Amino acid sequence: PKIVSEMEKINRVCTAEINTQQEEFHSPLQLNLTTQKSPSIICEKMSLKETRIQKELKELEAAMVHADDARERAFKNRERTYGGDYNIITGEILKPSGLEHEVERVSKEVHEGELLENICDESLKPKDLEDLVSEECIDMKSIDLVVDDSILLSSHVITQKILDKPEETIQNKNVDHSTTNLPETKTDFSTNSNEYTTIFNSVDNIIYDEEKRKINMKQVDITKLYDCLQKSVLYPLQSQLKLANDALLRMFLNKHNLIAHLNCLRKHFFFLDSDYGSNLTKNLFSEIQSVRHPSFLLNHLRLNSLLRTAVSNDSDQDLAERLSFVVNSVPATFSLTDPNTLNCLSLTYKVYWPLNIVLTSQAMSKYDQVFKFLMQLRRATWTLEQDIYLLKIEFSTKSNQYRQIHLFRHIMAQFLQALQNYILTTVMEPSWMDLQKQLDKTSTLQELYHTHVNYIKNIIFRCLLNKRSKTINKHLLDLFRIILTFHENLRSDDWFKGPDDEIQHPAFPRLCHQFKQFVELSRFLCSYLKRLVASGYQPHLDHLLTFLSCNNFYESKAI
């Protein structure tokens, strides 16, 4: 219907404009008779203008036919998309009803379009102009003006008039066809019949009976429809999804060797490589006590030099080279009794695409959190090991203070060793074994990502670094602080001989006081852990209690 209405508008507008052009064309010619010019030049110029006009009209007609075909195809596709002419049960493409009368209307528009073209061609022939030229000469400027006006009107009349003038004004316009003196035209439809054969065929193909369009939905079995959709759509999608997931897992696990990267992370961030851990902590902790200013140690060159020395014996140097230290801040001085002194350092691991989909920046921050906690534990252990060298003096077997300090150091070292055994046997190794088992069961990239997230979260939880374990972590840091203070007091003064040649230490009263604080805090921590285990919140802490209270030392009240 839109095509037919547009064709009608075009016919009416073109007819009206042709009449107007004829009136405007003859009147200037009669008024602008001036100097003599050659009739052949005038006819040649008019023929060129006529050729241009005919070319523009043909191009416009071809564009209209192309637009009609496009609208018809869009109409068919739209009806099929919304289910109006497509039977999803039988797969039959039905035709819209009530369009038989469209054939007659489309044929009329085709004939009218052909008639319009013939009228435009005949009306622009300069028959009257030749008669005028034969009698008198015409001014060439006026001819140019008239022809240019006619071209302008013929080229823009369809586009502008249709938009500017509504249909009622065009229909109500009084046009006197007798005054236009239009030449008689004879339309021969046989010449252009081949051009519109395809149009009539397409119109015939869309005629159908309206009863075929009607579908009784009560007779449609919805369950069979769903089953058909599932077998035709869902099953192929599932098979393709499985193939895509298998390809992704092969790329991560085989091509990019994700397991090797995870093993490198656990060796260096969790100090599971004993040579690497001892070399790094020994050099780093000794320089903390000997360096004059933190900037001499906390620089990229020195830190990475210590790191390269520690990983020099690593079996996989390509992965070890991805490790590096990052300095978050440089303190004014190193507090030797503060366990958080080295929190200004962060160990990083370079991860490239596509491994960064699994080893995200959030996951690497969790690795660094565990690394800092283990650095605090290893620093406290290292200071107690240094106390052994401080207690190697002559004539010390007869000193009571000497034996007491050795006993203090041994009890604190046993506590730290029990904590290290718990982290190794209950946290690190079981978590790694669980990760390997879960990796064998993963079938998608999303499951692979969540498996790694659960692995690092389990380590954070069992290392007592989560928010709910903040109280336990605070007590552990207080114990580390007491051990570091004990070490600084021991190495701050030298031994001397007291009465009866007994070797004594000037800071012995302070050492006794610090050991007493350590025992009280460790016993409170053990009782707190027992309550947590009894409540069932963290049953794995029972292993830590077993390591700590093997001789029931922390259950007794005597010191």
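Reader: What makes helix 9 mostly covered?

Author: Nine of the twelve residues in helix 9 are buried, and buried here means under 20% relative accessible area, against over 50% for exposed and partly exposed in between (1.4 Å probe, protein chains only). The buried ones are Leu258, His261, Leu262, Cys264, Leu265, Arg266, Lys267, His268 and Phe269. One caution: this is a predicted model, where local features need pLDDT of at least 70 and side-chain atom pairs pLDDT 80 or more, while totals for chains, interfaces and linings use all residues. Residues are numbered from 1 along each chain as its sequence is written, and side-chain values use heavy atoms, leaving out hydrogens and water.

Reader: How do you know how many helices the chain has?

Author: The chain comes to 19 helices and four strands, taken as DSSP runs numbered from the N terminus (H or I, at least four residues, for helices; E, at least two, for strands).

Reader: How do you know what span to expect for helix 16?

Author: The expected span is 1.5 Å times one less than the number of residues. Helix 16 has 18 residues, and its 26 Å from first C-alpha to last is close to the 26 Å expected.

Reader: Why is Gln514 called buried?

Author: Its relative accessible area is 9%, so Gln514 counts as buried. Gln514 lies in helix 18 and, leaving aside its neighbours within four places in sequence, touches Ile482, Thr485, Phe486 and Asn489.

Reader: What makes the Gln514 and Asn489 side chains a polar contact?

Author: The two side chains come to 3.1 Å. A polar contact is a pair of N or O atoms within 3.5 Å; within protein, one must be able to donate a hydrogen and the other to accept it, and residues adjacent in sequence count only if both atoms are side-chain atoms. The pair passes as a polar contact.

Reader: Which residues of helix 15 meet helix 17?

Author: Ile405, Phe408, Met412, Phe415, Leu416 and Leu419 in helix 15 meet Leu476, Leu479, Phe480, Ile483, Phe486 and Leu490 in helix 17. By class, that makes twelve nonpolar, no polar and no charged residues. Nonpolar covers Ala, Val, Leu, Ile, Met, Phe, Trp, Tyr, Cys and Pro; Asp, Glu, Lys and Arg are charged, and the others, Gly among them, polar.

Key
Contact means heavy atoms within 4.5 Å.
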